[in-house]
Each structure stands twice: as C-alpha cells, then as structure tokens.
Amino acid sequence: MSATGATAAEGGIQSHESTYSGGPWSWITTVDHKRIGVMYGLSAFFFFLVGGLEALLIRLQLGSPENTLIDPDMYNQLFTMHGTTMVFLAIMPLSAAFFNFIVPLQIGARDVAFPRLNAFSFWLFFLGALFMNASFLFGGAPDAGWFGYANLTSTQYSPGMRIDFWVLGLMVLGVSSIAGALNFIVTIINLRAEGMTFMRMPLFTWMTLITAFLLVIAFPAITVGLVLLMFDRMFGTLFFDPLAGGDVLLWQHLFWIFGHPEVYILLLPGLGVVSEIIPVFSRKPLFGYAFVVYSGILIAFLGFGVWAHHMFAVGLGPVANTVFSATTMLIAIPTGVKIFNWIATLWGGSLRMQTPLYFSLGFIAMFIIGGLSGVMHASAAADLQQTDTYFIVAHIHYVLFGGVMFALFAGMYYWIPKITGRMLSDRLGKLHFWIMLVSFNLTFFPQHFLGLHGMPRRTFTYESGLGFEAMNLMSTVGSMVLGASMLIFLWNVFWMLRKGEPAGANPWGGSTLEWSTASPPAHYNFRVLPRVHSRDPLWAEDTGDSMLGDDPGVPEPHMPGPSIYPLLTAVGIIVMAVGALTTTLPVVFVGVGVLLFGVYGWAFQPLEH
Amino acid sequence: MEMHSSTGLSSRKILMWTFIGSECMLFGSLITTYLVYRGKSVVGPYPEDLLNIPFITVTTFVLLMSSLMMVLALAAVQRGDMRWGKIWLFMTALLGMVFLGGQVFEFSHFVHEGLTLKTNLFGGTFFLLTGTHGAHVAVGVIWLLSLFFLAQRGRLTQANAETVEIAGLYWHFVDVVWIVLFTLIYLLV
C-alpha cells in the first residue's frame, strides 16, 4: 500500500494548482471532466441548501398545530419544490459530480468519451435548475407535488404557468441526464485501462454504469408523460381528460415506471461510494465483490418491476397488488446481500475510525431502518393504512437522507482531498457526523408514529388535540439542528481551503487508480495510461506499470480544447423552453436557431485545437 | 488525445446504439399510450373512418427504399466512391422527404375530415405518435443533407465512412420504428 505522498515515481507527484486556474471564461468553456465535476458539486450543494431551506420552512409551519406562518398555497409550493429540488437538483447532480470527477480517474482514462457532451449536460442542468426556480418570481413555483398527478395538473385545476415551469424544467433536466448517462456508458465500456476487465472495475464505477443504464431506460417514460401533460395544457389534447375517455392512471403508470427506477438512480451511486470506503478503511478488499456487483445489477433489473407499489390505493385490483407486493419484497434481497458483504468486509479488518467511515457506518444503520419501513409498505394491505401519511415521509427520508445523503457525505469527506489537494479536519467531520446523526433521527423517527396515528402528508396544518403536537415539535427542533449541522461542514470546507494540510496523492491508502494521481490531478490525469492486473491495483504487488502515472520523462499529452458550443446549445434549448412557457412562437424559433448554431458549431469544431 | 478503445469498437458507434436503446423506450411509451387509448375515443372520427391503407403502404415502401439507398450510400463511401456516395445520400434524403410529404398530405386530409389533436383520443395519440416519428425522420433528413453538402465540398471522404455509418444506424432505426407503427396503427385496426 503506498504511503501518503511517496510513490514509485521519483520526483514525487506534484500538486497541480493549474488544474483549476484561469478566469471565468475558462470555466464556461471547459470540457475537462474534473472542472465539470466541481461545477456539478458546487451547484448541487447550493440546491441542497435551497431544498433544505424549503424543508425548514415546512417544519416551522408544522411545529405547532393550526399554525399560520405559511399559507396553504405557499405550503404546496414548498413541499413540491423541496421534493423536486432534492431529487433532481441536489442528489442527482451531486452523484454526477462524483461520476464526473472520479470515474475517468478510476478507469485510468484521461477524460470521458465525449467531453463536450459532458459540458453540455452540465450547462443544461444548471440552466434548467435556474429556469425551474425562476418560477418563484413569475407567478409561483410548481405546487402539485414532485410527482405532479393528473388531472390536478390540468389547466382547469392548475391555471397559470406553475406546472408549465415544472413540465418544461423536467424535460430539460431529462435531456441533460440522458446525455450524461450515454456519455458514462460509453466511457466505462470503452475507455478502461488495459487489463481492467469488467470484474476488475472499482465498485463505484460499476454502480455508475448501472445507474447510467437505469437513466437511459427510465427517463423516456417520464418524458412521454410530460409530453402528454404538456400537450393537454398547451394544445388542448385530451390525454388526461376523463370526460373524453382519458385515464389519469396513465400518468401515474408512466411517472412511476420512471419514478421507481429513479430512486435506485438516487441510491446506487451512494452504495458504490460506501463500497469503496469500507474496504479502504478496513484495510481489506471488499468481501464478495462479485455478489456486490451482481446484486447491484439485480436491484436495477427488479427496480423496473415494482412501480405500482406507489399505486396500491388507486384500485388496480387484487392480482396486480399482490404481484407488485411480491416483487417489492423481493428487491430487499439484493440490498440485504450488499449489507452483509459490507459487514463481512469490516469484520476482522483493521478499522481506521475516520470521518468517511463514520458516515458509511451511519449510512448502513439509517438505511437499514429505512429499508425496514420500506418492507412494511411492500405489503399492499398494510400500505393502505400507511400511504399518504407521515409513515411514508419517514421511510423516504431514512433511505434518501439517512441513506443516500450520508453516503454522499462519506464520499465528500473521502474524495474532497483528491479534488482540492487538501485535507478536511477529521475532528470537525466527526462533530458534523454526530450532530447530523442525532438531529436526523430526532427529525424523522417521530414521523413514523405520526404517520401510524394518522397524520396525512402534504397538508399545511393539523388540528390541535389530535396528539400530533409533541412529535411534530420534536421533528421541527431536530430539523433546525440538522440544518445547522450543515454549517459545520461548510466551516470545515472553508477552513480546509485556507489551512488544510496538503493531501498528497493517497492520504487514505486507497487501492484504486484515482489515488495514483496527484491531488488534484494534472489536467491530463495520467502522462502514461496505466495498466492494471487486479481489482486493487495500488495494493497489489505488481505496482510497476500502474505507478508510472506522472513520470515527468514522458511529454504532456494533448487534451481536447475548450468550447463554447455546449453552453450555446444548452442556451438554445432553454430559450425554446421559455418560448414554450410563454407560448410565444418567435422565441421558440430563436431558440431553435441558437440550438442549430450550437450543434453545427460543435459538429465542425475539431476536438483538439 | 488517443482514441482508446477497450472493446475495439468506436465510441461513437456505441453511443449511437445506446441512444437507439433509449429511443426504443421513448417510442415504446408512446406506442403503449396509443394502444391503451385505442377504442376509447368518445366521439369520432374513428380510425376506420380515416385510415387509408393503400396510400400509407406506398409511403411505407418509399421509406423502406430509402433505407436501401442508405445502405448503398455507405457501401459507396466505404469503397471511396464519393460520386455515388453523394448520389445515394441525396436519394436517401429525397425519399425521406417524399415520405414526410406523404405524412403532411395524410395529416391535412385528416384535419379536413375533422380530426385534430384535440378532437378525441384517437386524434391526440395518432398525431403525437406519428408526429414524433415524423420529427425523427426530419432530423434524419437534415443530417443526411448536411452530409451531402459536406461531400459536395469535398469535406466528406472515405475516411469519414464511420460518420456515414452512424447516420445510417439512426436512419434504419427510424425506419424500423415506422414498420412497427405501420403494423400497429394501420394493419391491426
């Protein structure tokens, strides 16, 4: 195992401050996966705070019965945007930040397969996020829930532009996600280092590949649903008009055929992160690597067969309900397999109790709790009581916050030294962890009881005297502390940038290729492309070839040049969306013009110039 | 940047195939919507009133022939015969435009007979499904004409055979989708 800083290559591995240097224009035109990853990460964290603020307002309103802090209309906007923001603008881009920065390094590549397409994905996401949030300033934010059920979303029941912001925004984000996923599929299939067979790939790369397949298969379903809804709203079609024979359940089916795989899109990257961290901090290879890979594939596959468990209360009938109950329970099995493999990895390991491991262990514990309530909903009969109550809210937050966010924070503590070249304070990290763990549980555990006692979701207040007061107050207090705990993290990052110790190439003693590069890596990643002979190349005896990463004797490779066309193409799409939103056809045509200019410029610009 | 390949295949080709896989889900969802709403329109006109199978058979044949043109175009470019490469590329685009012309004719006939997007579920699902397909054909036509003009200027050569191949993959996909649509919408009324 290579120690911090020292490597086989004499002359050491230099820190490359130039990786991030250059003015705003160099960032706007960058096609470097590392910079794009940083931009995704910063944007995602910003929107995580925005979504968090929306949550805190919800909790303030619910802190006491019959509260009048937030009126019903604003409340509907808040819970809608909280969900939409957290899913699409925080968790997915945060995962994308790691896909971008880490995967090319882990597979020993210099960048992704299509660097400009990568930049396009980022700019379209960023502009789409701004577009959707602009709704707050122009008539109000979407207010029909993050799942936008028909026909509440019809023009009859949702007049104005709110739902149009939602529909168009999600379509834009969908294009961004699909483009990104296509890029990562090709990258992982085709740009792996020599000797890196699929069964030698790092787990995080595996989960990225599986997530990318989920994205390209699931997103088209919601795209079609959104198109049907958009046509109903803009052109007067009858797809969700019951009087004309339309079926509102068609929306639900299309949405959840996307929506259930979507939760695995949210989860699998986090599972990948934890699968990287636990072996490194146990100083043992991952137990049952193949089982962890296959269970990831099985989760993805089964994830397409459970969607109607979100529809147990709509009247699909006993046969459908039974089938979906069964498939939903089945999916607990591969998830359990992973948990046992992590435990077996920790068992007998030489544990390094540092912040990334703390968050990984916290993830396992919280995710198990979330999984248990999930299995309870899997029973259609039990779910008839639980659905649309706070019991479900408790479940989703245990798996998405206690699960996914804890895992992504683990990833942040693990990989930020690689990204910035500096170490975060482990002491502050552990403080953040404990306060977050305790306050998270204080916020969400009482919600299980609130749900079982009958408190409904998505309702702006509750009557006094129903016995909901104490639990809601506890939850609200917990949420305030949870919000404050983020400040500890931000302070840690700020402190790190000014006073953090240089990280060196491999501060944690990791085994995968990203730890063989400088921190941060040079813009070309590897002077010589590495060759691997095992799953843990930096732990293996044959470190000969793979450590040549930064041999100064080899000339710097040429990298693709910057380009403005990805951003321009994204701008064209957003202009089209604005035209559609305001139903001004000339603006749509201007958007098409900008789009075509961007696409042709992109097609005719050579990759290196 | 060296164009590394773990599989021996070109990255651009893998990208197009994966994109086509995603598009299968897109059309699959649209087709499902069409099938779920078949027979559910509350008012007419209904499919049996309007669908003109002989006419559509001709336009279908035209589109299928365009795929043949595409195959010939690729073969020509691969052997370095840019003269025939240009001709076949243009013919592919031309037949695509004839197909689109047929669609426009059929659509305006339907509107004339009282079927629009908003009339009933048949109108909505029919125009959305065939319209989405037509939009894909139009994108393909623009792509092919762009390749044709590049070739005219001597900027598309035998070295670019893979670019033509990838355009061909897209074009054949669009054709296969039409075969499915033709079968489900027109033949299985």
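I started at Tyr149(A), which sits in the loop between H4 and H5 of chain A. I keep in mind that this is a predicted model.

Buried would need 20 or more, and exposed 12 or fewer.

Next I looked up the contacts of Tyr149(A). Leaving out neighbours within four places in sequence, I found Ala144(A), Trp251(A) and Gln252(A). I then checked Gln252(A) again. Gln252(A) and Tyr149(A) are 103 residues apart along the chain, yet their C-alpha atoms are separated by 6.7 Å.

I moved on to Phe147(A). This residue, too, lies in the loop between helix H4 (115-133) and helix H5 (162-190) of chain A. Phe147(A) has 16 other C-beta atoms within 10 Å, so I noted it as partly exposed.

Which residues does Phe147(A) touch, not counting those up to four places away in sequence? I found Phe255(A) and Gly259(A). I also looked at Thr80(A), 67 residues from Phe147(A) along the chain. The C-alpha atoms of this pair are separated by 8.3 Å.

Then I turned to the domains. Chain A is divided into domain 1 (17-562) and domain 2 (569-609). I read 29 Å between the C-alpha centres of domain 1 and domain 2 of chain A. Their contact takes 16 residues from domain 1 of chain A and 13 residues from domain 2 of chain A.

I asked which elements of chain A each supply at least two residues of the domain 1 side that touches domain 2. They are H4 and H5 of chain A. H4(A) gives the most to that side, with 6 residues. I also sorted the domain 1 side by class. It divides into 12 nonpolar, 2 polar and 2 charged residues.

My last entry is on the two chains.

Key. Residues are numbered from 1 along each chain as its sequence is written. Chains are lettered from A and ligands numbered from 1 in the order in which they are written. This is a predicted model: local features need pLDDT of at least 70, side-chain atom pairs count only at pLDDT 80 or more; totals for chains, interfaces and linings use all residues. Helices (H or I, at least four residues) and strands (E, at least two) are DSSP runs, numbered from the N terminus. Two residues are in contact if their C-beta atoms, placed from the backbone, lie within 7 Å. Domain bounds come from an automatic or database domain assignment. Ala, Val, Leu, Ile, Met, Phe, Trp, Tyr, Cys and Pro count as nonpolar, Asp, Glu, Lys and Arg as charged, and the others, Gly among them, as polar.
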